[in-house]
Amino acid sequence: ETAAKRELEEETGYKANKLTKLGQVNPNPALFCNHVHVYLAEDLTPTGIQHLDKDEFINYLEIPKEEVLQGMGTEQFPHAIMGTALCFYLKHKKIKF
């Protein structure tokens, strides 16, 4: 949780006043033992300052939830871990299909 808060602020310039752990997964258990921890950051406060490493170039933008849901699995949102995070979010918000 500490790392999630820190990375959010460093990379986006926003502080989360509410952070909820949604879950964790092992992205490739056949080869590795690492885990990805998924958090929902809410009630954000902009600091206006990113603290990027000199080799980091991060632009962020706000996207409506519906656009993310419709775009999942496309060229814009190709990563399987993003899909997993979306599933955790839908479960947390009790959104049924």
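Mentor: Before we start, a term: a strand is a DSSP run of E with at least two residues, and strands are numbered from the N terminus. Bear in mind also that this is a predicted model.

Trainee: How many helices and strands does the secondary structure of the chain come to?

Mentor: The chain has 3 helices and 2 strands. Along the sequence they follow the pattern α-β-β-α-α.

Trainee: What box do the C-alpha atoms of the chain fill, and what share of the residues is buried?

Mentor: Along the principal axes, the C-alpha atoms fill a box of roughly 35 × 35 × 30 Å. Of the 97 residues in the chain, 19% are buried. The accessible surface comes to about 7600 Å², and carbon and sulfur atoms account for 55% of that.

Trainee: Of the contacts with a separation of 6 or more, what share comes from residues 24 or more positions apart?

Mentor: Such residues account for 54% of those contacts. Arginine 6 belongs to helix α1 and is partly exposed, with a relative accessible area of 42%.

Trainee: Now pockets. How much space lies in the largest pocket?

Mentor: The general idea is that rolling a probe the size of a water molecule over the atoms shows where empty space is left. In this model the largest pocket holds about 1500 Å³ of space. Its lining consists of 35 residues, and those nearest the centre are Leu8, Tyr39, Leu40, Ala41 and Val68. The elements giving two or more residues to that lining are α1 (2–12), β1 (14–25), β2 (36–46), α2 (65–71) and α3 (80–92).

Trainee: Which element gives the largest share of the lining, and how do the lining residues divide into nonpolar, polar and charged?

Mentor: Strand β2 gives the largest share, 7 residues. By class, the lining has 27 nonpolar, 3 polar and 5 charged residues.

Trainee: Is threonine 20 buried or exposed?

Mentor: Threonine 20 counts as buried because its relative accessible area is 19%, and the cut-off for buried is under 20%. This residue is in strand β1. Outside four places in sequence, threonine 20 is in contact with Val38, Tyr39, Leu40, Glu42 and His92.

Trainee: Next, backbone angles. What is phi of aspartate 43?

Mentor: Aspartate 43 has a positive phi of about 50°, although this residue is not a glycine. Its place is in strand β2. The relative accessible area is 54%, so aspartate 43 is exposed.

Trainee: And where does lysine 94 lie, and what is its phi?

Mentor: Lysine 94 lies in the segment after α3. Its phi is near 55°, again a positive value in a residue other than glycine. Lysine 94 is exposed, because its relative accessible area is 68% and the cut-off for exposed is over 50%.

Notes. Residues numbered from 1 in each chain as written. Predicted model: local features only at pLDDT ≥ 70, side-chain atom pairs only at ≥ 80, totals over all residues. Heavy atoms only, no water. 1 Å grid on protein atoms, 1.4 Å probe; cavity = no way out; pocket = protein on both sides within 12 Å on 5 of 7 lines; lining within 4 Å. Points joined across faces, edges and corners; volume = space filled by probe spheres on them. Helix = DSSP H or I, 4+ residues; strand = E, 2+ residues; numbered from the N terminus. Nonpolar A, V, L, I, M, F, W, Y, C, P; charged D, E, K, R; others polar. Buried < 20%, exposed > 50% of the residue type's maximum accessible area, 1.4 Å probe, protein only. Contact = heavy atoms within 4.5 Å. Areas by Shrake-Rupley, 256 points an atom, 1.4 Å probe, with all protein chains shown as cover.
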